Amino acid sequence: MQINLKDLTKAIEEQTYLSDMETIKYSEVSRSKKKLREHALTMVQEVATALKKDRLMQVQLVLEGKNPITFALETNIINLPLANYKKLINFFDEEEAQLVKVYFETASEYLNSSHFRIDLFMDGDELVADVEGAADRLADAMSEKIKQVKEGEAAAKEAAKEAKAKEKEAKEDKSKAKTKKEA
């Protein structure tokens with residue numbers, strides 16, 4: 001599928017692109033690659049169907065829990081979320097047709113400092129040609145991002161623990177200094 005910037009912008013502004021979101025409990029997929037793969041297949045199938053109909057698509061899987069994670073597949077002509085479509089004018093001629101690609105997005109408080117990551121997943125035509133392979137690839141990517149989020153959460157907890165220990169130490173030092181001064 002190809003689309004020019006003018007038609008892409010119009011579809012986003014008028015919200016005529018297809019959109020779907022599913023929310024599940026984090027625990028349903030965090031330990032089960034099979035369950036994660038089932039959701040990945042559904043997401044990929046929705047994008048493939050949209051592309052076959054020459055439609056743009058955004059499909060999200062939200063993992064609810066103590067530390068939620070949102071995964072999304074979006075069709076676009078560049079690695080910018082659809083929400084940032086106004087910046088596209090800086091990169092493309094309005095009338096020139098561009099190949100539609102599929103981007104994989106992850107959003108989580110513990111993913112990285114921006115809490116967001118977008119990666120080229122694959123060309124739209126490649127996804128349509130190999131839905132099963134794309135689903136395997138998406139399940140692997142989501143599994144890797146879950147691992148990164150868990151590591152980020154552990155690092156944040158450790159940093160908070162260290163900060164609390166330093167704060168306690170500073171209070172004790174201040175109290176000792178005050179006691180010495182009074183003596």
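Guide: A contact here means heavy atoms within 4.5 Å. The model is predicted. Let us begin with Asn 4.

Visitor: With which residues is Asn 4 in contact, leaving aside its neighbours within four places in sequence?

Guide: Four residues meet that rule: Glu 94, Glu 95, Glu 96 and Ala 97. Asn 4 itself sits in strand E1.

Visitor: Is Asn 4 buried or exposed?

Guide: Buried means under 20% relative accessible area. Asn 4 has 13%, so the residue counts as buried.

Visitor: What does the side chain of Asn 4 reach?

Guide: The side chain reaches the backbone nitrogen of Lys 6, at 3.2 Å. The atom on the Asn 4 side is a side-chain oxygen, and the pair is found at the start of helix H1.

Visitor: Which residues are buried in helix H1?

Guide: H1 spans residues 5-13, and its buried residues are Leu 5, Leu 8, Thr 9, Ala 11 and Ile 12.

Visitor: Why do the buried residues of H1 line one face of the helix?

Guide: Seen down the axis of H1, the buried residues fall within an arc of 160°, so they line one face. Here is the general idea. An α-helix has 3.6 residues a turn, so residues three or four places apart point the same way. Now back to the case. Leu 5, Leu 8 and Ile 12 are among the buried residues of H1.

Visitor: What covers the buried residues of H1?

Guide: The cover includes strand E1 (2-4) and strand E4 (69-76).

Visitor: Where does the chain go just after H1? Which residue takes a positive phi there?

Guide: Gln 15 does, with a phi of about 50°. Gln 15 is a residue other than glycine. Its place is the loop between H1 and E2.

Visitor: Is Gln 15 buried or exposed?

Guide: Exposed means over 50% relative accessible area. Gln 15 has 62%, so Gln 15 is exposed.

Visitor: What is phi of His 115?

Guide: Phi is near 65° there, again a positive value in a residue other than glycine. His 115 lies in the loop between strand E6 (101-107) and strand E7 (116-123). Its relative accessible area is 36%, so His 115 is partly exposed.

Visitor: Which residues line the largest cavity?

Guide: The lining is made up of Asp 20, Met 21, Glu 22, His 39, Thr 42, Met 43, Glu 46, Val 59, Gln 60 and Leu 61. Strand E2 (18-25), helix H3 (33-52) and strand E3 (57-64) are the elements that give two or more residues to this lining. H3 gives the largest share, four residues.

Visitor: How do the residues of that lining divide into nonpolar, polar and charged?

Guide: Four are nonpolar, three are polar and three are charged.

Visitor: Let us go back to strands. Where is Gln 98 found?

Guide: Gln 98 is in strand E5, residues 97-99. Its relative accessible area is 16%, so Gln 98 is buried. Beyond its neighbours within four places in sequence, Gln 98 is in contact with Met 1, Gln 2, Ile 3, Ile 77 and Phe 92.

Visitor: What separates Gln 98 and Gln 15?

Guide: Along the chain, 83 residues; between C-alpha atoms, 20 Å. Pro 68 and Ala 134 are 66 residues apart in sequence, with 24 Å from C-alpha to C-alpha.

Visitor: Where does Pro 68 lie?

Guide: Pro 68 is in the loop between E3 and E4. Its relative accessibility is 44%, so Pro 68 counts as partly exposed.

Visitor: Which residues does Pro 68 touch, not counting residues up to four places away in sequence?

Guide: By that rule, Pro 68 touches Leu 63, Ala 107 and Ser 108.

Visitor: One last residue. Where is the place of Asp 130?

Guide: Asp 130 is in the loop between helix H4 (124-129) and helix H5 (131-182). Its relative accessible area of 42% makes Asp 130 partly exposed. Asp 130 and Glu 109 are 21 residues apart along the chain, and their C-alpha atoms are separated by 32 Å.

Note on methods
Residues are numbered from 1 along each chain as its sequence is written. This is a predicted model: local features need pLDDT of at least 70, side-chain atom pairs count only at pLDDT 80 or more; totals for chains, interfaces and linings use all residues. Side-chain values use heavy atoms; hydrogens and water are left out. Buried means under 20% relative accessible area, exposed over 50%, partly exposed in between (1.4 Å probe, protein chains only). The arc is that of the directions from the helix axis to the C-beta atoms. A polar contact is a pair of N or O atoms within 3.5 Å; within protein, one must be able to donate a hydrogen and the other to accept it, and residues adjacent in sequence count only if both atoms are side-chain atoms. On a 1 Å grid over the protein atoms alone, a cavity is a set of points where a 1.4 Å probe fits but cannot get out, and a pocket is an open set with protein on both sides within 12 Å along at least five of seven lines; lining residues have an atom within 4 Å of a point. Ala, Val, Leu, Ile, Met, Phe, Trp, Tyr, Cys and Pro count as nonpolar, Asp, Glu, Lys and Arg as charged, and the others, Gly among them, as polar.
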